2 protein chains.
Amino acid sequence: MSDYWNDYPKIKKNLIQVKHEIAQRLVINNQSIEEAITKFSSTGGKMIRPALFFLFADFGAEKDPEQLIKVAASLELLHSATLVHDDIIDDSPTRRGSASIQSRFGKDVAVYTGDFMYTSYFELLAESMSQTPFLLKNAQTMKKILQGELTQMTCTFNPDQTVGDYLRNINGKTAELIRLSCQEGAYFGGADKQLQARAKRIGSAIGLAFQIYDDILNFSLELGDDQKPLLSDVQQGIFTLPLLIARDQAPEIIRPYLDAPDTLTRGELIQLATHVDQTGGRSGALACAEKFTNKALNEIQQLPTGNSREVLKTVATQLLERNY
Amino acid sequence: MSDYWNDYPKIKKNLIQVKHEIAQRLVINNQSIEEAITKFSSTGGKMIRPALFFLFADFGAEKDPEQLIKVAASLELLHSATLVHDDIIDDSPTRRGSASIQSRFGKDVAVYTGDFMYTSYFELLAESMSQTPFLLKNAQTMKKILQGELTQMTCTFNPDQTVGDYLRNINGKTAELIRLSCQEGAYFGGADKQLQARAKRIGSAIGLAFQIYDDILNFSLELGDDQKPLLSDVQQGIFTLPLLIARDQAPEIIRPYLDAPDTLTRGELIQLATHVDQTGGRSGALACAEKFTNKALNEIQQLPTGNSREVLKTVATQLLERNY
């Protein structure tokens, strides 16, 4: 786990327990793979999903601490399993600062490792929520994430995809799980139905804003060391919001780049990033992300007053505050 | 579905319903992938797991027909999902007489398609057995299957693996799900605990015998059209029972072939198959498979008398009766 939660000792303590819960599930008969997946599942990432879960659990009155750890672990494990499989698709050499499972052990091990993580996720659900409506809800969430991924794949290299297609895809592949994290936090913490519904809406807005900001970063000419290479999404045929807005604003400039994006030179990519900036693609995407951020913050403001709300406000703001 | 069950109209009728149940779950936003997975999930295969499930369900007194269809569908869907991912690992061009998902749509689609099938499987469980111990049991079964696959992968190209390693691997990767199919049949059909335990033992024995016979077939010089190429397992570094027994009987003859099995010529493969035959590898493996077959048939004989038992006896015998 990164140092991201150092200022929030209560969340940090919970996340460490989640980390242990996950590590003890991922036992297989091969030490090096086991080490790799344990490291992958518990280091590097900010563990945003379980953190949001615990933040919302604070609004309820009745909690079973052991159940909360298991549910939080299920959220992180589902996320990690999808990342392991995503890295196969993307041919990613690294993930969370270490070699990805697929680059270290090959695609074959990565397929089964991701599957194995799904089984541990599923085991956690069976142990923690079989008597609740969230068992079926999880199955449906997993389905929506996969539908989002499959739909995104079928949109790949399609220069005619719309902003609506994009929003639908990220709603499945990213927002769905963040939404579930917030909603489950409220439910398993024992909050009332109204607060559960609000948690769900806040999760949606945070999830969408989070992904749009992430996609904008890929168009930033000043990249940090831990970020993906400039326009790597475009090269893989994944056309995100800044690009789609730019294309709609100035098709004659942008469209020619989209015919064979995997063949663009570094110079052409820099050109394209500049065009996306100048035609208002980046600012348009930023405005869209800000709209969702504000929606989240407005809803948070309507949560019961108290320390939990203030922490959530700060965390949401920090999470959605990046450098552009 | 193949014509395998034509002589058993009751089973066939149930399997057709299972096929429909699966098809209506596998709806995604891409017609060609949807067609491929629906076809994959419902054609070609014998649907042995749901068939065994229904055969054992017949021994119970209390049944919910809708629940039985869903549980049976979950077994077939879990099996299908593992096959889609196995084909990625094995680089299989075909599966069940059609192009495999990975050869038709690429590995990327195959990864997500398998995952998507896991989610539908999981959804079926959430709907049909959340109030029973079989929810957790399914999670554990899925885990054992994956552990079996991962362990088999780490045994690949290891010339020193033992017969014990082999049996452990097939116990996970094949017998586990067949065992669960029989056990769930008895449980969801409403049979008593003693019959459930017997069903589990019968499933184990059928599963092990089934996989050993399948592995022996790969060493047969007279191959049918729908079978894997001669010794294709050996070429992929998967050393199965006939080979391991032959190696233990005559290490000086067999061992040299195991150092770089992926470079063996067709002539050398035919030589090796002949050696495996002459050193008693095939007959030793056959004896082992027969031991498990007899164990299954003896246990079946102790089931309550009646039509269900006779059908099960015939089906188990046919299933384990192949041409060598």
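The report below describes two interfaces in turn.

This is a predicted model, in which local features need pLDDT of at least 70, side-chain atom pairs count only at pLDDT 80 or more, and totals for chains, interfaces and linings use all residues. Residues are numbered from 1 along each chain as its sequence is written.

**Chain B and chain A.** Contact (heavy atoms within 4.5 Å) involves 42 residues from chain B and 42 residues from chain A. In chain B, the residues that lose the most area to chain A are Tyr112(B), Phe122(B) and Lys143(B), together 20% of what that side buries. The rule finds 2 salt bridges across this interface, a salt bridge being a side-chain nitrogen of Lys or Arg within 4 Å of a carboxyl oxygen of Asp or Glu. Lys143(A) and Glu123(B) form a salt bridge through their side chains, at 2.8 Å from N to O.

**Domains of chain A.** An automatic or database domain assignment divides chain A into domain 1 (1-131) and domain 2 (134-324). Their C-alpha centres lie 21 Å apart. The contact takes 33 residues from domain 1 of chain A and 36 residues from domain 2 of chain A. Between these domains the rule finds 0 salt bridges.

The table gives the buried area, that is, the accessible area (1.4 Å probe) that two parts lose on being put together, summed over both.

| Interface | Buried area | Carbon and sulfur share |
|---|---|---|
| Chain B and chain A | about 3,900 Å² | 73% |
| Domain 1 and domain 2 of chain A | about 3,000 Å² | 73% |

Technical notes:
Chains lettered and ligands numbered in written order. Heavy atoms only, no water.
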